[in-house]
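Colleague: I'd like to go through this model with you, feature by feature. Could you give me the general idea each time, and then the case at hand?

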Amino acid sequence: MKLVILGAPGAGKGTQAGLIADRLGIPTISTGNLLRAAMQQGTQIGQKVHSYMESGKLVPDELVIDLVRERVGQSDCQKGYVLDGFPRTLPQAKALSSFAQIDAALSIEVSDEEIERRMEGRRICTKCQATYHVEDNPPKVAGVCDRCGGPLALREDDSREVVENRLHIYHEETEPVKEYYRQEGLLLAVRGQKKLADTTKLVFEALGISL
Ligand code: ADP
Ligand code: ZN
């Protein structure tokens, strides 16, 4: 199954993408994580994207498209994959259609107010990039990653100002992507719930997969 997960920053795309991917035994491809990894490794791409990401702007289309095209061509993607954070613009969606046949695009709908509350409590593992929330999805030990024991931190681009900027960009650039998939007959939408597990239930129901 080849899936696209859509939703505002902080809507819980990454978490749901990970759960779906684990359940189906396919990889998650998160462009945000790929880009952050490139920055940490100091690759050429990493150096180029730093200033965009820091201010919450979108990285140029060509760059992300190339990154994803290369990633889905790798052998572990044969059976399918879950795309998290891509496509985020109409040109990205059209490019994706040219090299992959997507089975469904699932949109997780959350209000802007709720997004702002969530982002303030969001934490990310500095080693393996697993995400947590201090109230909604806390790690077993505060500040420590359940998966790898790495230290958790606030993401550089989760400050209030940057969050507002990212939300604005989401409405301008990414909502048209939802419309694109609606017209293709591939859009599924679920309303994000307060509790993570409740959202997961709706997501799995929408996709027709058992938990
Ligand atoms: P979130 O899901 O919280 O918005 P991500 O980790 O997906 O966070 O993305 C963080 C940043 O990475 C974005 O603000 C943007 O700068 C960059 N980025 C990620 N995916 C894309 C994409 N598909 N197109 C352009 N920029 C992207
Ligand atoms: Zn970790």
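Predicted model: local features only at pLDDT ≥ 70, side-chain atom pairs only at ≥ 80, totals over all residues.

Colleague: Let's start with the metal. Which residues are the protein donors of the zinc ion (ligand 2)?

Modeller: Donors are N, O and S atoms within 2.8 Å of the metal (3.2 Å for Na, K and Ca); water is not among the atoms, so sites may look incomplete. Here the protein donors are the SG atoms of C125, C128, C145 and C148, lying 2.3 to 2.4 Å from the zinc ion (ligand 2). Along the chain they follow the spacing C-x2-C-x16-C-x2-C.

Colleague: And what is the geometry of the site of the zinc ion (ligand 2)?

Modeller: Four donors count as tetrahedral if all angles lie between 85 and 135 degrees; four count as square planar and six as octahedral if opposite donors are over 155 degrees apart and all others between 65 and 115; anything else is irregular. With angles of 99 to 115° among its 4 donor atoms, this site is tetrahedral.

Colleague: Where do C125 and C148 lie?

Modeller: For elements, helices (H or I, at least four residues) and strands (E, at least two) are DSSP runs, numbered from the N terminus. C125 lies in strand 5 (residues 122–125) and C148 in the loop between strand 6 (131–133) and strand 7 (152–153), so the pair ties together parts that are 23 residues apart in sequence.

Colleague: How should I read accessibility for that pair?

Modeller: Buried means under 20% relative accessible area, exposed over 50%, and partly exposed in between (1.4 Å probe, protein chains only). C125 is buried, at 1%, whereas C148 is partly exposed, at 36%.

Colleague: How many disulfides does a search of the whole structure find?

Modeller: A disulfide is a covalent bond between the sulfur atoms of two cysteines. The test is a pair of cysteine sulfur atoms within 2.5 Å, and the search of the whole structure finds 0.

Colleague: On to packing. Which residues touch the most other members of the largest nonpolar core?

Modeller: In soluble globular proteins, nonpolar side chains tend to be buried together. A nonpolar core is a set of buried Ala, Val, Leu, Ile, Met, Phe, Trp, Tyr and Cys residues joined through side-chain atoms within 4.5 Å. The largest one has 28 residues, of which V4, L83, L96 and Y181 touch the most other members. Two or more residues each come from strand 1 (2–7), helix 3 (44–54), helix 4 (61–72), strand 3, helix 5 and helix 7 (160–183). Helix 4 gives the most, with 6 residues. Apart from this core lies another, of 23 residues, among them V82, L106, I108 and L167.

Colleague: What does L83 touch?

Modeller: Contact means heavy atoms within 4.5 Å. Not counting residues up to four places away in sequence, L83 touches L3, V4, I5, I29, V68, L96 and I102.

Colleague: Which residue has a side chain joined to that of T200 by a polar contact?

Modeller: Q16, at 3.1 Å. T200 lies in helix 8 (residues 196–207) and counts as buried at 7% relative accessibility.

Colleague: What about the backbone: is the peptide bond from F86 to P87 cis or trans?

Modeller: That bond is cis, with omega near -5°, and P87 sits in the loop between strand 3 and helix 5. As for phi, Q129 has a positive value of about 70° although it is not a glycine. Q129 is in the loop between strand 5 and strand 6 and is buried, with a relative accessible area of 13%.

Note on methods: Residues numbered from 1 in each chain as written. Chains lettered and ligands numbered in written order. Heavy atoms only, no water. Polar contact = N/O pair within 3.5 Å; in protein donor to acceptor, adjacent residues only side chain to side chain.
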